[in-house]
Amino acid sequence: RDAMFSASLRSLRSATAKQPTLRAAVRQMSHDIEHAKAETDKWKKFSYAFVPIVAGYTLYVMATMKHEHYHQVKYDYIGIRNKPMPWALAGGSKCDLFDYDCAAKEKAAKAAAAE
């Protein structure tokens, strides 16, 4: 049993000795560290220069943007309801799931009919 343990320990040591060190395993993206620092500084300067440009352009677009509402065309086939909606109340509802205006009108009509 001890012989098997020492053999596995020896093979583990030899396998780890053959592996490259962590520093050598890391791939360097540039030739030397000074070049990497210079590139990093260059792109930091570009970033700092373009942040105000992007912010200014954003403000310009927001200030000059014309807000237009989308108007749905009332085609006949859009509102077809062949079966009750799964989210409808017990009395049935003709409103879409997130159509809050229709739901409020329907609720007010039910309240007026109950009085």
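Is Lys42 buried, exposed or partly exposed, and what is its relative accessible area? In this predicted model, Lys42 counts as partly exposed because its relative accessible area is 34%, where buried means under 20%, exposed means over 50%, and partly exposed covers the range in between, calculated with a 1.4 Å probe and protein chains only.

Residues are numbered from 1 along each chain as its sequence is written, and side-chain values use heavy atoms, with hydrogens and water left out. Because the model is predicted, local features need a pLDDT of at least 70 and side-chain atom pairs count only at pLDDT 80 or more, whereas totals for chains, interfaces and linings use all residues.

The protein contains four helices and zero strands, arranged from the N terminus as α-α-α-α; helices (H or I, at least four residues) and strands (E, at least two) are DSSP runs, numbered from the N terminus. The mean pLDDT, the predictor's confidence in each residue on a scale from 0 to 100, is 78 for the protein, and 73% of the residues score at least 70. Confidence is lowest in helix α2 (residues 22-25), with a mean of 55, and highest in α3, with a mean of 91.

Helix α3 has 32 residues and reaches 46 Å from its first C-alpha to its last, close to the expected 46 Å at 1.5 Å a residue, the expected span being 1.5 Å times one less than the number of residues. At Phe50, α3 bends by about 25 degrees, and Pro52 follows within four residues; the bend is the angle between axes fitted to the seven residues ending at a position and the seven starting there.

A search of the whole structure finds one salt bridge, defined as a side-chain nitrogen of Lys or Arg within 4 Å of a carboxyl oxygen of Asp or Glu. This salt bridge joins Glu39 to Lys42, with the closest N and O atoms 3.3 Å apart, and both residues lie in helix α3, three residues apart, or about one turn of the helix. Glu39 is partly exposed, with a relative accessible area of 30%.

A nonpolar surface patch is formed by Trp43, Phe46, Phe50, Ile53 and Val54, which together have about 530 Å² of accessible area. Patches comprise residues with over 30% relative accessible area and no salt bridge, like charges being joined within 9 Å and nonpolar side chains (Val, Leu, Ile, Met, Phe, Trp, Tyr) within 5 Å. Ile53 lies in helix α3 (residues 33-64) and counts as partly exposed, at 48% relative accessibility.

Notes
Accessible areas come from the Shrake-Rupley method with a 1.4 Å probe; for residues, only the protein chains shown count as cover.
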